[in-house]
2 protein chains.
Amino acid sequence: MKKNGSLEALSEALRRLPGVGPKSAQRMAYHLLQHDRAAASELGHALLNAVDRIQHCASCNTFTETEICETCLDPSRDASQLCVVETPTDQMMIEQTLMYKGLYFVLMGRLSPLDGIGPKDIYFDKLMHRAANGLVQEVVLATNFTNEGEATAHYISETLKARGVKVSRLARGVPVGGELEYVDPGTIARAMLDRRTT
Amino acid sequence: MKKNGSLEALSEALRRLPGVGPKSAQRMAYHLLQHDRAAASELGHALLNAVDRIQHCASCNTFTETEICETCLDPSRDASQLCVVETPTDQMMIEQTLMYKGLYFVLMGRLSPLDGIGPKDIYFDKLMHRAANGLVQEVVLATNFTNEGEATAHYISETLKARGVKVSRLARGVPVGGELEYVDPGTIARAMLDRRTT
């Protein structure tokens, strides 16, 4: 199959996408070449373009094509609040609530010692530097409520508190529309502990 | 998000891969940009390269970078036999058996009227032309034993027989290692009909 180097190379390269094994990679390669060469070209250009242009925002660390991203440049946002999220998708979810007008810091991951992901990989020093810019009054930790997200929040919280920064965490409790019968006991326990006077 | 055009474009382009929805496309885009930019570049170049170089073999219709593929050029192969398969993968499976020394024709699909896939899409005229080159003594139909594969085999078989070409089909029966208890009745019925004197 030496003569088909570029077909082999395409299958190999597709396998490096997350969640794509050898069989799907081959199916994708055949599909693109047989039925959608336009998509193949488009994807090829999009990949090279993105690698060339996308970088991390110097301020909030999210993906951007400019030095500083649009959100960070927006003068209407409250620079005294800094919300820490794991991914750009999480940031988008919080934006959709329309309940937060502060700025963000995107970790681009979470601490996971078992996978060899330490503080360096979540841009910990950049976050510390960002939180200490003199404007930030409160850091809102919005990492996921998974074991790793919780550990990440704890680690960041301890370090920031030691430096005198006010730190908060998204509330845990029964989801909106949740029926107690179908909510797990851990969530109900937490909702009980964090109950609010009305 | 206007400033992030190339990130959006990358997600959009990834969605055109078979089996990739909006969520996985975004996850792939983030993964590549965050953890594996080398893979992104490599895939980008591989795609453009493949689109540029890969074409159909003028003789057997498989993917190749040359006018005629290696298999068709191999003088040790028996030009009197022509095995018709749906995909290059199927051809590879037959090659692995080491039981066939003839040449191939790759349909690059199967007839599927419901999906609008007709004889043109499986290069029917090219196959007829190939089978009528004066050297082919027997056409072995090795399309899949699915409804569509069977219909494709039937269609090709009828046309070729009308032109006086000898046509055969892969045998159906109990798979090697198969226990009757776990084989479907249709397969056993066919194995009974096609039983061989030993």
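## Ground rules

Because the model is predicted, local features need pLDDT of at least 70 and side-chain atom pairs count only at pLDDT 80 or more, while totals for chains, interfaces and linings use all residues. Residues are numbered from 1 along each chain as its sequence is written, chains are lettered from A and ligands numbered from 1 in the order in which they are written, and side-chain values use heavy atoms, with hydrogens and water left out.

## Where the chains meet

Start with the contacts, meaning heavy atoms within 4.5 Å: 53 residues of chain B touch 53 residues of chain A. The area buried between the two chains is about 5100 Å², and carbon and sulfur atoms give 63% of that. Buried area here is the accessible area (1.4 Å probe) that two parts lose on being put together, summed over both.

Across this interface there are 17 residue pairs in polar contact, both residues being at pLDDT 80 or more. A polar contact is a pair of N or O atoms within 3.5 Å; within protein, one must be able to donate a hydrogen and the other to accept it, and residues adjacent in sequence count only if both atoms are side-chain atoms. The most comes from α3(B), with 16 residues. By class, this side of chain B has 28 nonpolar, 15 polar and ten charged residues. Ala, Val, Leu, Ile, Met, Phe, Trp, Tyr, Cys and Pro count as nonpolar, Asp, Glu, Lys and Arg as charged, and the others, Gly among them, as polar.

The interface also holds four salt bridges, each a side-chain nitrogen of Lys or Arg within 4 Å of a carboxyl oxygen of Asp or Glu. One of them joins R16(A) to D36(B), with the closest N and O atoms 3.1 Å apart.

## A buried threonine

T143(B) sits in the loop between β5 (138-141) and α7 (147-162) of chain B. It's buried, at a relative accessible area of 1%; buried means under 20%, exposed over 50%, and partly exposed in between (1.4 Å probe, protein chains only). A polar atom of the T143(B) side chain lies 2.9 Å from the backbone oxygen of G149(B). Leaving out residues up to four places away in sequence, T143(B) touches residues including V84(B), E86(B), L107(B) and R169(B).

## An exposed glutamate

E67(B) is in the loop between β2 and α4 (70-73) of chain B, and this one is exposed, with a relative accessible area of 55%. The C-alpha atoms of E67(B) and C57(B) are 5.8 Å apart, though ten residues separate them along the chain.

## Two positive phi angles

Most residues other than glycine have a negative phi. M108(A), however, has a positive phi near 60 degrees. This residue lies in the loop between β4 (102-106) and α6 (124-131) of chain A and is buried at 7% relative accessibility.

Over in chain B, Y123(B) has a positive phi near 55 degrees. Its place is the loop between β4 (102-106) and α6 (124-131) of chain B, where Y123(B) is partly exposed, at 23% relative accessible area.

Terms used
Helices (H or I, at least four residues) and strands (E, at least two) are DSSP runs, numbered from the N terminus.
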